[in-house]
Amino acid sequence: MAIGTLPAARAHARLPWRTRVREMLDRERVLGPLFITPALILIALLVAYPFCMALYFALSNAFIGRPSHFVGFRNFVNLWDADAFRQTFQNAFVFTGISVAFKLVLGISLALLLNQQLWFKRMIRGAVLLPWVIPTALSTLGWWWMFNSLYSVVNWTGISLGLLDPPGPNWLGQRHYAMAAVVTVNIWRGLPFFAITILAGLVAIPKELYEAAQADGAGPWARFWYVTLPMLKPVLAVVVLFSTIFTFSDFNIVYVLTHGGPINATHLFATYSRMIGLESGRIGEGAAVSLYLFPLLVFVVWAQLRFVRKQAY
Amino acid sequence: MRRVNRREFVATTATGLAGILAARTAPALAQAREISYLCWNNFAPASDKKLSEIGQRFSKDTGIKLKIDHISHMGPQQAKYASEVQTQAGHDLVEMRMHFPWLYEPQLADVSDVVAGLEKQYGKAISSSYEGAHVHGVWRAVPQYHGMFVCTYREDLFKKASLKVPDTWEDLYTVGKELKKMGNPVGIPISQNYDSISTAGPVLWSFGGMEVDKDGKTVKINSDGTAQTIEWYKKMFKDCMEPEVLSWSDASNNESIQQGKAGWIHNPVSAYIIAKQRKLVTADGINHHRSLGGPKGRYETDTPRHIGIWKFSKNVEASKEWIKYLLGKKETYDEYIMSGDAFNLPVYTKLTDHPVLRTDPKYAALKGEGVEYHTYGWPAPPSDKVQLITNAYILPNMIAKAVTGTSTKDSIAWAENEMKKVMAG
């Protein structure tokens with residue numbers, strides 16, 4: 001009743017402001033949005049705004065420093081006529097497919113190994129993270145040195161061990177070798193992410209399941225196939241999802257190692273977009289390159305998250 | 001002295017602050033004049049040191065604070081220009097090469113007054129600088145220096161094997177075969193970098209080919225001259241070079257001859273300068289010879305560099321003062337040129353026979369007797385399109401395709417299609 005609530009409201013108004021703020025913060029409806037707001041502002045400024053700008057550029061004939069006009073989907077259609085773009089498209093799938101597959105298999109193997117009782121376990125686990133921790137541009141520069149035709153330590157070692165005929169492969173100058181080189185560095189760089197995340201999943205698997213399987217006569221392979229792998233599925237799905245997105249949008253490794261060469265054989269969407277948009281000045285086309293796979297990646301994210309949700313509930 | 005009461009103090013400061021906010025400029029007294037200058041990492045590093053030294057003197061003499069930033073000229077520099085123009089913020093002055101002033105014409109301040117002063121003092125700017133920086137009747141950048149390509153070879157190896165110094169591109173094939181057998185192949189990059197274009201241009205011209213016609217509109221890459229150029233590259237790649245040239249950066253050919261591998265490269269004198277400065281064992285054996293000729297003439301690439309001022313700069317006048325300080329005082333300009341050890345040569349006609357050319361007998365080839373020098377895209381007049389064809393690396397990619405298995409005809413057809421797209425865009 002209104003008459004009855006009036007004195008209570010007045011009493012509330014008389015409370016010291018600190019108490020009132022504390023009371024407000026106790027309410028989930030206030031506290032929740034309050035915590036999320038800074039993240040939302042950051043996302044709006046650093047993700048949504050650039051994304052909208054990219055979208056606008058992709059639909060225009062923007063050229064650096066000159067007025068632009070709306071051209072609809074012309075950039076997307078024209079791109080498909082350029083064989084450098086078609087090559088980039090193919091490279092992105094080859095690079096991502098091979099890299100993620102290797103990272104997955106090697107990541108599971110490494111995680112299983114790290115899950116064993118080992119000497120200096122903590123030190124080894126820390127060391128495994130090193131490729132992930134070192135700035136990519138810097139570590140890739142080291143790889144560039146190792147693959148460089150003049151100083152290649154890879155070839156020198158191979159020749160010294162009698163595994164390669166002199167002068168050895170030209171890692172960065174021949175299409176397939178160059179792709180192998182960028183894939184190798186990507187696997188080396190991404191492996192710790194897979195291994196450590198999968199290790200976290202492994203540690204969380206209840207021991208009782210293994211004991212029950214063992215009691216039923218399951219060997220190591222059967223235990224891995226029927227216990228470990230099914231229990232790891234949600235973790236693997238998330239890791240593969242993230243890695244697929246990161247690998248598709250990789251830039252540093254290709255930029256430092258090959259600049260997209262030889263003859264565009266290692267260009268990815270990010271490096272090709274930079275070349276078209278920033279080096280050639282055709283910002284509209286450059287933005288279209290970077291957004292080309294956006295619908296596909298959205299679908300991949302949706303499908304995988306759906307799968308994860310099904311596994312979780 | 002009249003006492004200012006609290007009310008008056010608040011009113012005065014509020015009015016002043018409102019004025020500053022409205023004008024978005026600090027009051028004159030508080031404005032420290034400061035300019036920033038973006039340039040590349042010069043291949044003659046001593047030149048960058050000297051630039052910094054002159055910059056400090058400039059700040060001391062004029063009270064204008066100068067900040068010099070350096071960046072790699074391949075890729076990062078172009079991306080930096082693009083982002084500065086797009087955001088209308090960044091450096092006041094930028095160093096530009098070749099036809100970049102054409103590409104950024106609407107964004108560059110008119111510096112005709114500065115160039116007029118320099119030309120009065122030193123004579124007209126050389127043709128390559130004029131082509132690169134004089135855009136539609138207006139100087140959009142001030143000619144600074146130029147670097148000339150030349151043939152760099154291991155004279156000691158040539159003498160040891162009694163090889164004749166080549167005079168034509170065909171001669172180079174003859175000696176190149178021997179050099180490769182000796183383990184010292186020819187090093188001409190065929191990759192997405194500027195040096196690849198700097199060699200492909202003169203070879204193409206000397207066989208009678210061109211990218212775009214004199215009219216600046218018609219793509220003329222599909223010609224017998226181009227086919228001959230590609231055939232020459234094919235046999236050079238197979239018999240005289242190693243596949244590593246497909247992955248080379250601008251620095252790779254320099255490193256290859258400095259580290260004792262390549263026996264012949266096409267490059268400005270920077271490879272020798274660095275070898276000399278670092279006291280490398282190969283330094284004494286490196287020398288230069290005159291640019292090579294072909295059936296249709298003897299051509300060479302010239303790479304002029306200029307200094308531009310962005311229109312969005314709030315310090316255009318102070319920026320002009322810096323350019324005048326660096327280039328307008330003969331003793332300072334000389335000092336700067338000398339520090340580059342013949343890599344950076346003066347671009348004004350009265351200074352072209354500069355004492356720096358006589359500091360080392362190995363610079364004699366830079367006189368370029370009987371050599372015709374041009375910038376990328378010749379004989380097409382300079383334009384933003386020509387610069388875009390350069391930036392898309394169409395010429396080296398065409399050659400790279402051909403030497404790695406694509407037929408000559410298909411490679412040329414590909415390049416023609418790509419160039420037509422640029423011209424139509």
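Before the first entry, a term I need: two strands pair if DSSP finds at least two bridges between them. I also remind myself that this is a predicted model.

**Entry 1: a sheet in chain B**

I began with an open sheet of four strands in chain B, whose order is E8-E9-E7-E10 and whose pairing is mixed. I noted strand E8 (186–187) and strand E10 (286–289) of chain B as the edge strands, each pairing on one side only. Next I followed E8(B) to its partner, strand E9 (residues 264–267) of chain B; they pair in the parallel sense over two bridges.

**Entry 2: the domains of chain B**

I then stepped back to the whole of chain B, which is divided into domain 1 (33–148 + 303–358) and domain 2 (150–290 + 392–424). I looked up the separation of their C-alpha centres and got 29 Å. Eight residues of domain 1 of chain B are in contact with nine residues of domain 2 of chain B.

**Entry 3: the domains of chain A**

Chain A also has a division, into domain 1 (18–58) and domain 2 (77–312). Here I found the C-alpha centres 33 Å apart. Domain 1 of chain A gives four residues to the contact and domain 2 of chain A gives six. I checked the classes on the domain 1 side: four nonpolar, no polar and no charged.

**Entry 4: two helices in chain A**

How do helix H14 (residues 269–279) and helix H15 (residues 283–291) of chain A pack? I found an angle of about 170 degrees, with the axes 7 Å apart. H14(A) and H15(A) are therefore roughly antiparallel to each other. Among the residues making the contact are A:Phe269, A:Tyr272 and A:Ile276 of H14(A), along with A:Ile283, A:Glu285 and A:Val289 of H15(A). By class, I noted eight nonpolar, four polar and one charged in this contact of H14(A) with H15(A).

**Entry 5: where the chains meet**

Last, I looked between the chains: 20 residues of chain A are in contact with 28 residues of chain B. The side of chain A that touches chain B has six nonpolar, 11 polar and three charged residues.

Key:
Residues numbered from 1 in each chain as written. Chains lettered and ligands numbered in written order. Predicted model: local features only at pLDDT ≥ 70, side-chain atom pairs only at ≥ 80, totals over all residues. Domains from an automatic or database assignment. Contact = placed C-beta atoms within 7 Å. Axes fitted to C-alpha atoms, helices over the stretch in contact; angles between N-to-C directions. Parallel < 35°, antiparallel > 145°, perpendicular 65-115°, else oblique. Nonpolar A, V, L, I, M, F, W, Y, C, P; charged D, E, K, R; others polar.
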